[in-house]
Structures are given as C-alpha cells and as structure tokens.
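I opened my notebook for a new chain today. Here is what I looked up, entry by entry.

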Amino acid sequence: MHSVFWTPRFAAVYFLAALAAFVLFTAIGSNMAIVAPLILTLIGLGIAVLIRHGRTRR
C-alpha cells in the first residue's frame with residue numbers, strides 16, 4: 001500500500017464509478033437530478049485523492 005502507484009488507481013476507481021453511474025442512469029432514463037450529487041461526489045473524491053497524492057509525494 002506504500003507504493004506510488006496505488007493512489008492513481010484509487011482515483012481511477014472513483015472516476016469509473018462516476019462514469020458507470022452516469023451511463024446506468026442515462027440508460028434507464030432516470031432524472032439526472034437524482035444521480036448528479038453522487039456523480040459530483042465521486043468525481044470530487046477522485047480529485048481529492050489525486051491532490052493529496054501530489055502533496056504527500058513531495
């Protein structure tokens with residue numbers, strides 16, 4: 001877990017989960033107002049992981 005390569009993988013999981021949620025809710029024709037907070041939260045978590053990774057690596 002102390003490897004440099006784990007952090008981008010965690011961020012990628014958040015981004016892929018946001019993409020999957022977007023595709024799933026678009027496919028079933030759901031209202032995007034329901035899923036938008038989830039998607040924005042997942043994207044924000046992915047960005048936060050990358051920012052923290054950049055600050056702690058130095």
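**Entry 1: the surface**

Which residues form a nonpolar patch on the surface? I found Phe15, Ile43, Ile47, Leu50 and Ile51, with about 380 Å² of accessible area together. A patch takes residues with over 30% relative accessible area and no salt bridge; like charges are joined within 9 Å, and nonpolar side chains (Val, Leu, Ile, Met, Phe, Trp, Tyr) within 5 Å. A salt bridge is a side-chain nitrogen of Lys or Arg within 4 Å of a carboxyl oxygen of Asp or Glu. Accessible areas come from the Shrake-Rupley method with a 1.4 Å probe, and for residues only the protein chains shown count as cover.

**Entry 2: ground rules**

I noted that this is a predicted model: local features need pLDDT of at least 70, side-chain atom pairs count only at pLDDT 80 or more, and totals for chains, interfaces and linings use all residues. Residues are numbered from 1 along each chain as its sequence is written, and side-chain values use heavy atoms, with hydrogens and water left out.

**Entry 3: the whole chain**

I counted 2 helices and 0 strands. Both kinds are DSSP runs, numbered from the N terminus: helices are H or I with at least four residues, strands are E with at least two. The chain has 58 residues, and 16% of them count as buried. Buried means under 20% relative accessible area, exposed over 50%, and partly exposed in between (1.4 Å probe, protein chains only). The chain exposes about 4,500 Å², and carbon and sulfur atoms supply 72% of that.

I then took contacts (heavy atoms within 4.5 Å). Among those between residues at least 6 apart in sequence, 68% join residues at least 24 apart.

**Entry 4: back to the patch**

Helix α2 gives the largest share of the nonpolar patch, 4 residues. I picked Ile47, which sits in α2. Its relative accessible area is 41%, so Ile47 is partly exposed.

**Entry 5: the core**

What makes up the largest nonpolar core? I listed 5 residues: Ala18, Ala21, Val35, Ile39 and Leu42. The largest share, 3 residues, comes from α2. Such a core is a set of buried Ala, Val, Leu, Ile, Met, Phe, Trp, Tyr and Cys residues joined through side-chain atoms within 4.5 Å.

Ala18 lies in α1. Why does Ala18 count as buried? Ala18 is buried because its relative accessible area is 3%. Ala18 and Leu42 are 24 residues apart in sequence, yet 5.7 Å apart in space, C-alpha to C-alpha. Not counting residues up to four places away, Ala18 touches Ile39, Leu42 and Ile43.

Val35 lies in α2. Its relative accessibility is 1%, so Val35 is buried. Beyond four places in sequence, Val35 is in contact with Ala21 and Phe25.
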